[in-house]
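Subject: Model for your files

Hello,

Here is the structure we talked about handing over. My notes come after it.

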Amino acid sequence: MADLDDVLMHIGELGPYQIWLCLLFYLPAIPCCMHMFSLVFIGATPLHHCAAPEMDLVLLEQNATLAERLNATIPWEVTDGVWHHSRCERYNMSGYSLDLTNVTAPPTDNTTANASVMRCDAGWEYDRSQFHTSVTVEFDLVCDRKWMNNLAQSILMVGVLFGSVLFGDISDRFGRKLTFFIVLSLQLIFGVINAFTHTYIGFVILRFLV
């Protein structure tokens, strides 16, 4: 019985034809990989803090800077020894009279030191200097909703599992070439539609179908 080396010598070793075939086989893998890793980029989480819309007019009238606004409406917290504004909490400003002249940075007391703290109830404001938008920004996938970002990636992998079983059976019944082009077409269609969805439910459903 001839071994593999003898067979390769007979049919020819790696050459331009084999390289061309490999490149053709790799091409369909590119969009698949793009969907697999896309959430790393489209799901980026920029710096954010709670929105305080009831204070916007007051702060505008007082010509408040961003730092003054954050100090007046967002509590400070320590993470690994570093002070920063809270990402998920804000001061309860209802019925509160704001005086920016007394607002200072941590860890000293400020004018809102005695104000109660509440979870974000009016959405978030994001630092758009690096990421103009993302799935996280559009659907507010931060704080108590942070897990929904990871869920979208998990649903994609569940779709891969179901697709492998379903289209594996279809390829056995109707041929691999036909199934191959059907899958590529569906991936293209649902991938493009996914870029224009404006609801989280629609986003994860399309991620599953991709």
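This is a predicted model: local features need pLDDT of at least 70, side-chain atom pairs count only at pLDDT 80 or more; totals for chains, interfaces and linings use all residues.

Residues are numbered from 1 along each chain as its sequence is written, and side-chain values use heavy atoms, with hydrogens and water left out.

Confidence: the protein chain has a mean pLDDT of 83, with 89% of its residues at 70 or more (pLDDT is the predictor's confidence in each residue, from 0 to 100). Over residues 107-111 pLDDT stays under 50, and the model has 12 contacts for them beyond four places in sequence (contact means heavy atoms within 4.5 Å).

Cavity: the count is 1 cavity of 30 Å³ or more, and the largest cavity has a volume of about 30 Å³. A cavity is a set of points on a 1 Å grid over the protein atoms alone where a 1.4 Å probe fits but cannot get out; lining residues have an atom within 4 Å of a point. Volume is the space filled by probe spheres set on the points, which are joined across faces, edges and corners. Helix H5 (66-73) and strand E1 (48-50) each supply at least two lining residues, and H5 gives the most, with 3. Helices (H or I, at least four residues) and strands (E, at least two) are DSSP runs, numbered from the N terminus. Among the lining residues are His49, Arg69 and Glu125.

Thr79 has Val82 in E3 as its bridge partner. Between the strands of this hairpin lie 2 residues, and Asp80 in the turn has a positive phi of about 55°.

Regards

Terms used: On a 1 Å grid over the protein atoms alone, a cavity is a set of points where a 1.4 Å probe fits but cannot get out, and a pocket is an open set with protein on both sides within 12 Å along at least five of seven lines; lining residues have an atom within 4 Å of a point. Two strands pair if DSSP finds at least two bridges between them.
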